[in-house]
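Welcome, and please have the sequence and the 3D view open side by side. We will walk through a few features together, starting with a pair of packed helices.

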Amino acid sequence: MTEGSGDVEARYLYAIATAGEKQNLGNIGVEENAVYTIPFKKIAAVVHSCEPRPYETRDRALAEGWILEHSYVIDQATKLFGTVIPFSFDVIVQGGDSAIKGWLCRNYDHLAGELRRVEGRAEYSVEIYYDYDQLAEGAMRGNQELRELASRIEQEPKGKAYMLKRNLDQKLKGLVASEARKKADEALSEIRSLADEMKVEAKRSQPPEKYREKRLLGSYSCLVRNERANRLGEVLEEINALTGFAVRFTGPWAPFSFVKLGDAA
Amino acid sequence: MTINLDEANLKDGLLGLVVALVEIVQELLERQALRRMESGSLSDAEVERLGEALSELQESLEKIKLDNGIEDSVTNLRDSLDQIAQDLVDKFLDPEEWAKEAGS
């Protein structure tokens, strides 16, 4: 979205909020820029004034700093105005305040509608992990046939022992997979009942250090009403407390995964 | 659809790919052997011979991986292949994906 080419000024966009009056948020922006709102009717863009070129660097620490500053502004805007429509890092619109106002005006109905849709809600991320070895141990304990198979392995000659071991591994794998799937389905139906909207995220190959030894069962983004967030936390804590399972529950975040900018973008 | 081999060391990348493929073939063979063993169509002597051959193949693969320091690259490669297979299955099962493909 470029406006008024030939204009040397531009605005860096952090979020769209429910706010009817112009307000200064202080020098909290990326590179300590002064952040303020450009209102139109009942909504406002949270911006800082900048030059019309993207923030780019090869310095990783600097880039991370910028992204933290960007997120901080979104957090502060959320505290001040309630749930906002967040923008990702480095969205810059050419033109001055009037260009932004014009954009808000053209997309007013859509943006105001999206703000109402996410009002009083926040995004949470849920990742459910399982520990294969612990679940396999549990499966062995509860299964007479597998225990007998395991004890036979020790008595057989090398070749047959190898085949029996593979047989045992395959059976265990099946049992662990069905146990993990069962638990994931239970968790999903609980999460679904508490979240207004839910998205299944692509599985990440690199879990955080704490979960490195575990396997990711599922990763979900949820849009949850503020008053239900505690209950969701309790439900997930119950799963986390089960032997062989771990849940990583983070948030509240601005609803990045749920707002639809549609044509406004 | 790209598979990231270790570009800094093509030899290891290629060896890793070969080992990963042999592992997959070995698993298929094992599955077939187990099915036949469970259905009772193999004699004890045949089970023993098959088991020994597969066990030796397994040991050789482990040794090659260890000697060449390619355990991680084989694991990563197999994860990538699993992911590709998973994505394909998901795509086949999800009508929304067909629509996206058709629209692109």
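## Two packed helices in chain B

In chain B, helix α1 (residues 10-38) packs against helix α2 (residues 44-68) at an angle of about 160°, and their axes lie 11 Å apart. Axes here are lines fitted to C-alpha atoms, for helices over the stretch in contact, and angles run from 0 to 180 degrees between N-to-C directions. That angle makes α1(B) roughly antiparallel to α2(B) (angles over 145 degrees count as roughly antiparallel, under 35 as roughly parallel, 65 to 115 as roughly perpendicular and the rest as oblique). Residues forming the contact include Leu15(B), Val19(B) and Val22(B) of α1(B), and Leu50(B), Leu54(B) and Leu57(B) of α2(B). Two residues are in contact if their C-beta atoms, placed from the backbone, lie within 7 Å.

Before going on, a word on the model and its labels. It is a predicted model, in which local features need pLDDT of at least 70 and side-chain atom pairs count only at pLDDT 80 or more, while totals for chains, interfaces and linings use all residues. Residues are numbered from 1 along each chain as its sequence is written, and chains are lettered from A and ligands numbered from 1 in the order in which they are written.

Chain B has four helices and zero strands, and reads α-α-α-α along the sequence. Helices (H or I, at least four residues) and strands (E, at least two) are DSSP runs, numbered from the N terminus. Of the 104 residues in chain B, 15% are buried. A residue is buried if 20 or more other C-beta atoms lie within 10 Å of its own, exposed if 12 or fewer, and partly exposed in between, with C-beta atoms placed from the backbone.

## Helix α1 of chain A

Now turn to chain A, where helix α1 (residues 60-81) has 22 residues and reaches 32 Å from its first C-alpha to its last. Which of its residues are buried, and which are exposed?

| State | Residues of α1(A) |
|---|---|
| Buried | His70(A), Val73(A), Ile74(A), Ala77(A), Thr78(A), Phe81(A) |
| Exposed | Arg60(A), Ala61(A), Glu64(A), Leu68(A), Lys79(A) |

The buried residues cover an arc of only 140° around the axis, which puts them on the same side of α1(A); the arc is that of the directions from the helix axis to the C-beta atoms. Among the elements covering them are β1 (10-18) and β3 (35-40) of chain A. After α1(A) comes Gly82(A), with a positive phi near 85°.

Terms used: The expected span of a helix is 1.5 Å times one less than its number of residues.
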